Structures are given as structure tokens and as C-alpha cells.
Amino acid sequence: MEQNIYRSDSNVINREYINSILFEERLIGAVEPDTSCEIFGRKYTSPVMMPAFSHLKVFGEGRKSGMIEYAEAAAKSGILNWVGMVENEKFGEIAAVGADTVRIIKPYADKEKIMDQILYAKEAGAVAVGIDIDHTFGKDGRYDNVFGEGMTAQTVEDLERYIQAAGLPFILKGILSVHDAVCAQELGVSGIVVSQHSGRLPYAVPALKVLPRIVEALGEDSRMTIFVDGGIALGSDVFKCIALGAHAASVGRVIMPDLEERGVQGVMDYVEKMRQELAFTMGFTGFARVEDIDSSVLWNL
Ligand SMILES: Cc1cc2nc3c(=O)[nH]c(=O)nc-3n(C[C@H](O)[C@H](O)[C@H](O)COP(=O)(O)O)c2cc1C
């Protein structure tokens with residue numbers, strides 16, 4: 001009831017903000033665009049990425065788990081795959097699919113479990129590892145409990161230890177302020193995910209609203225890779241993320257119906273649709289390459 005009246009739902013607020021950003025057209029001199037991009041030194045067909053999902057079931061008889069199916073879609077689409085909370089054995093199965101994969105580990109109270117999952121991910125060939133720090137607190141304001149596993153705050157010293165041990169690009173997921181982005185940079189992390197994690201905090205600022213301030217605060221010489229997720233559903237949304245300073249964006253819950261109904265092919269089709277929409281937006285706004293996209297064509301910021 002409260003949510004309907006006051007619209008505290010961050011998903012709604014976030015999506016309204018994405019919708020409010022408009023494009024001007026720059027057609028004179030525009031050429032057919034190339035959507036390929038590079039992340040952590042690897043080439044991808046587009047800056048559309050899979051989400052860091054977890055706990056997906058097997059959606060039909062004779063099918064593999066949803067986690068494996070979307071990893072297969074990532075591999076076949078030539079995009080970066082992400083995985084959330086899984087035990088090592090399951091992560092190994094997902095990594096064996098062959099997609100470049102980022103492993104996001106929970107902020108477990110058991111810090112040795114975090115270390116163990118980092119080292120396992122590295123061994124299994126993960127492209128990067130990280131922690132979703134926005135799952136520290138539960139709705140009662142206490143440290144969260146996720147599927148029976150206790151979470152806790154990760155200190156600066158903890159994070160330094162993980163970064164050191166990883167020897168892989170290390171990512172903090174759930175950054176939604178200049179404060180945390182600058183801390184992350186000072187810690188030496190390689191990437192951040194500007195995200196409200198499915199709208200966990202009511203009235204959370206939309207990722208795209210805070211992103212330009214983060215980019216400015218990190219500075220022109222920043223070597224951090226910036227990812228975005230939350231309500232990203234169209235290629236034009238991905239364009240907005242890139243224009244505002246991100247390097248890539250994840251598409252999450254919106255792919256669920258296609259994943260459930262049509263599995264690998266359903267996800268591949270959705271991702272290709274987004275890639276084409278990105279190309280279409282690039283063509284209309286006069287950007288030939290992803291790395292050239294800037295915010296000068298955006299209105300209503
Ligand atoms: C079923 C499901 C499982 C998720 N599991 C995780 C997880 O384990 N770790 C994580 O960092 N994020 C997790 N997320 C959050 C997503 O990575 C993402 O931040 C969020 O869904 C916002 O993107 P979207 O609006 O495109 O769905 C999960 C989301 C869903 C819907």
C-alpha cells in the first residue's frame with residue numbers, strides 16, 4: 001500500500017529516470033556504427049552484458065539450469081557473462097561453459113569463504129571477481145541472511161586482502177555514491193558496478209543520475225572500468241549508460257521470460273535485439289564507435 005501511494009520503489013523511480021533522458025539526432029556525416037567494445041583487454045560484440053544472477057532453476061524437462069543456459073547464451077553472443085551467489089562446484093560448471101565470466105561473491109560473514117571462492121574463481125578461469133557490498137544489510141537493518149548464510153560488513157582491510165589474493169581484476173558491485181566510488185578507487189579495485197541491486201533500498205538514487213558525478217570524481221586518468229545495471233532493457237538504455245561514462249551495462253530481470261520460455265536462444269535473441277537497438281541509436285546520434293559515445297547528445301540531464 002505504502003509503495004503504491006508514495007512510489008518508494010526504486011525500480012520505478014530508476015526506470016522513470018532512464019525514460020526521461022532523450023536524444024538529439026546528428027545525421028549529417030553519420031556512418032554505420034560498430035558496437036564492439038573491449039573490457040579488461042578482451043573484445044566483445046557489444047557492451048551489453050549478462051547479469052550477476054543466482055539461484056535460477058531448471059526451467060523445463062531436459063534443460064540445463066538457467067545459470068548454465070544464460071552462460072551459454074553469453075558465450076554464443078560474444079558478450080561478458082556474470083554470476084552471483086553460487087557455491088564453488090556450481091561456479092566451476094558455469095565457468096566450464098566457456099564464456100568469459102565475472103564472479104560476484106556475497107559479503108559473507110565467513111571471510112575465509114570469500115577468500116576460498118576468490119581463489120576457486122581464479123583457478124576456474126574467471127575474468128574478474130568481486131563482492132556485492134549492497135547485500136550487507138537485511139530489511140530489518142541487521143546484517144543480512146541470504147538463503148541461510150550470514151553476511152557482514154567488509155572492512156577496508158578485508159577488501160585489501162581480497163584484492164591482493166585475487167590477482168585478477170577486482171570489482172565492487174553496488175556502488176551508488178561518489179563516496180563509495182572514490183573509496184573503491186583508492187583501494188585499487190579495477191571496476192565498480194553502479195547499481196541499486198533490484199531496488200533493495202527504497203528511494204535509492206537511479207544509477208544513471210549518480211553516474212556522471214562518479215565519473216567526474218574519479219577523474220580523467222581513472223583506470224577503473226565502470227559497469228551499470230538496474231532496469232536496463234533496451235539498446236538505447238545501454239547507449240545512455242555509455243554516454244554518461246560507463247563502459248558496459250548488464251541486462252537482468254527483463255530477460256527472464258525469454259530465458260524461461262526459450263532458453264539459450266531466447267536470451268541470445270534478446271541480446272542481439274539490444275545490440276541492434278544500440279547500433280540504431282549510435283547511427284542516429286552520429287557515433288561510429290562505442291568508445292566515441294558521449295553525453296553531448298543527451299537531453300534532460
Ligand atoms: C534472481 C536474481 C538473483 C540475483 N542474484 C544476485 C547475486 O547473487 N549477486 C548479485 O550481486 N546480484 C544478484 N542479483 C541482482 C542483479 O545482479 C542486478 O543487480 C539486478 O537484478 C538489477 O538489474 P535488473 O534491473 O536488470 O534486473 C540478482 C537478481 C535476481 C533477479
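Predicted model: local features only at pLDDT ≥ 70, side-chain atom pairs only at ≥ 80, totals over all residues.
Residues are numbered from 1 along each chain as its sequence is written, and side-chain values use heavy atoms, with hydrogens and water left out.

Back to that pair. Glu 93 and Lys 90 are separated by about one helical turn, because they stand three residues apart in helix α4 (residues 88–95); helices here are DSSP runs of H or I with at least four residues, strands are runs of E with at least two, and both are numbered from the N terminus. Both partners are partly exposed, Glu 93 with a relative accessible area of 36% and Lys 90 with 48%, where buried means under 20% relative accessible area, exposed means over 50%, and partly exposed is what falls in between, using a 1.4 Å probe and protein chains only.

The count by this rule comes to 18 salt bridges, and I will take two others. Lys 113 pairs with Glu 149, with the closest N and O atoms 2.8 Å apart, and this pair links distant parts of the chain, since Lys 113 is in helix α5 (residues 111–123) and Glu 149 is in strand β10 (residues 149–150), 36 residues apart. Lys 113 counts as buried at 15% relative accessibility, whereas Glu 149 is partly exposed at 22%. Salt bridges with shared partners join Glu 87, Lys 113 and Glu 149 into one network. Then there is Arg 63, whose salt bridge with Glu 69 has its closest N and O atoms 2.6 Å apart; here Arg 63 is partly exposed, with a relative accessible area of 24%, and Glu 69 is buried at 5%.

Now to the ligand. Which residues are closest to the ligand? They are Ser 54, Met 85, Asp 229, Gly 231 and Arg 253, out of 17 residues that surround the ligand, a residue being counted if one of its heavy atoms lies within 4 Å. The shell divides into four nonpolar, eight polar and five charged residues. Looking at individual atoms, an N or O atom in the side chain of Asp 229 is 2.6 Å from an oxygen atom of the ligand, a polar side-chain atom of Lys 173 lies 2.9 Å from a ligand oxygen atom, and an N or O atom in the Lys 106 side chain is 3.2 Å from a nitrogen atom of the ligand. Taken alone the ligand exposes 610 Å², and the protein buries 87% of that.

Finally, helix α9 (residues 235–243) is mostly covered, with nine of its nine residues buried, among them Asp 237, Phe 239 and Lys 240. After α9 comes Gly 245, which has a positive phi, near 115°.

Key: Polar contact = N/O pair within 3.5 Å; in protein donor to acceptor, adjacent residues only side chain to side chain. Areas by Shrake-Rupley, 256 points an atom, 1.4 Å probe, with all protein chains shown as cover. Nonpolar A, V, L, I, M, F, W, Y, C, P; charged D, E, K, R; others polar. Salt bridge = Lys/Arg side-chain N within 4 Å of Asp/Glu carboxyl O.
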